[in-house]
Amino acid sequence: MQKEIIMTQPEISRGDIFSEISQKKLTKRKAAELLGLSERHVSRLYAEFLNFGIVSLASKQRGQPSNHQLPAGLKAQLSELVTIELYQGFGPTFMCEKLHERHGIEISIETTRKLMIQNDVWISHKKKRPVASSTKEINTQGSPHAWFEDRGDPCVLISFVDDATGRTYGRFFKSETTRAYMVTARVYFSKYGRPLAFYSDKHAIFRINRPGCLKKDLITQFGRACKELEIEPICANSPQAKGRVERNNQTQQDRLVKELRLEGVNTIDGANKYLDEVYWGKYNNQFAASPESSKDAHRKLLQEHNLKKILSSKKQRTLSKNLEVQCDNVIYQIVQKNPSRYLQRAKVTIIKTIEGEIYIEHNGKNLPFKVFSQQEYSGKIVDPKKIDTFFKEKKKTKVSFSHPWNKEGRARAKMNQYKMASKGGV
């Protein structure tokens, strides 16, 4: 009984070349050039060809299991790991990292991808074209999301992304506010310096959106802080225009959510601590790209740049004859040992820092003051993006014990109706 042998076309062509060598129509050196092999290797193959015929040219590994396949036990362990609920939604690259970090299993991303496809936890996607690094501004945006999934309330990630390198820094806050951007900016400027420009959307934090407003000198508190630090604010007309931060937020909503799940983090304070101590360093080391120019466009903070006062709320007011000034329903009075007339009707700046400290300045000098009186609260204007957080933080009204909305109140009301019905029946 003859045994069937499967051979590929290159193997058959190799047999034809060796036949020409045996007929002295071709030299081994010329054959080595045609086959792309060394002359010594051609001599070994030709010796086997003479002893066993064309059968010797067929691959010995054909039909046999691969020498590089995973052991059956390891494959079963990996199949179990990629399907557990803890790793739900992980991509192949991220899953490969966690297998190495948390389980000590070193396999390639491609092997991980194939295992995830076999276990129906991943669908292959087309590879996107890489985006070339461009220039010099910081992309910024708030990303509201259920960052703690069902373990905590939704919050906002305020992120700053370097447009040239993709380096990212951000912090979590309850809502997207001017204070949130200032807190994040203070840490970013202290670490990396001042960027040339901020690229953002048209949120009221960055520009005046009041209809019919014609005064060009009106700017927001964050815009004023950027002007003092010589940073140009740029507002994009569409989300596509600031695509780097949009894509970064999409990445964080996938990757960071899973990292917080693995670490068991479910509070804003715990998440910010994890971001500063672990996540951003690891993320930027892995994903930040090299810029087109080795020169860093960030500028150092100068001695006159007091971030505590610059990144704060500043309001211009005029002192009265009694050296009093009103701001946010509070009347402040300037205190001086020898009162001078030059401060009457003087323009002063009232500074309220992120920490809640109050300063009153005139021509760059601090003026001592005291709180003279505080007026009644007349209502608060709430930004539409903060309205949900405002109602969550608002104290719940306590319902009296006998109120019909209360469970026991409803029971008491039914009992009273029953008694009235019984008396009427008698």
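**Briefing: helix packing and burial in a predicted chain**

Of the 426 residues of the chain, 36% count as buried, meaning under 20% relative accessible area, with exposed over 50% and partly exposed in between (1.4 Å probe, protein chains only). This is a predicted model, in which local features need pLDDT of at least 70 and side-chain atom pairs count only at pLDDT 80 or more, while totals for chains, interfaces and linings use all residues. Residues are numbered from 1 along each chain as its sequence is written, and side-chain values use heavy atoms, with hydrogens and water left out.

**Overall content**
- The chain holds 13 helices and 12 strands, taken as DSSP runs (helices H or I, at least four residues; strands E, at least two) numbered from the N terminus.
- Among contacts (heavy atoms within 4.5 Å) between residues at least 6 apart in sequence, 64% join residues at least 24 apart.

**Helix 1**
- The 14 residues of helix 1 (residues 9-22) should span 20 Å at 1.5 Å a residue, and the end C-alpha atoms are 20 Å apart, which agrees; the expected span is 1.5 Å times one less than the number of residues.
- Glu11, Gly15, Ile17, Phe18 and Ile21 are the buried residues of helix 1.
- Viewed down the axis of helix 1, these buried residues fall within an arc of 165°, so they line one face of the helix; the arc is that of the directions from the helix axis to the C-beta atoms.
- Helix 2 (28-35) and helix 3 (39-52) are what the buried residues of helix 1 pack against.

**Helices 5 and 6**
- Helix 5 (residues 92-103) packs against helix 6 (residues 109-118) at an angle of about 110°, their axes 9 Å apart; axes are lines fitted to C-alpha atoms over the stretch in contact, and angles run from 0 to 180 degrees between N-to-C directions.
- That angle makes helix 5 roughly perpendicular to helix 6, a term for angles of 65 to 115 degrees.
- From helix 5, Pro92, Thr93, Met95, Cys96 and Leu99 meet Ile109, Thr112, Arg113 and Met116 of helix 6.

**Ala76 in helix 4**
- Ala76 lies in helix 4 (residues 72-81) and counts as partly exposed at 46% relative accessibility.
- Ala76 and Leu115 are 39 residues apart in sequence and 10.0 Å apart in space, C-alpha to C-alpha.

**Helix 8**
- Phe222, Gly223, Arg224, Ala225 and Cys226 are buried in helix 8 (residues 221-228).
- The cover over these buried residues includes helix 7 (178-192), strand 4 (197-200), helix 11 (307-310) and strand 6 (313-318).

How values were computed. Angles under 35 degrees count as roughly parallel, over 145 as roughly antiparallel, 65 to 115 as roughly perpendicular and the rest as oblique.
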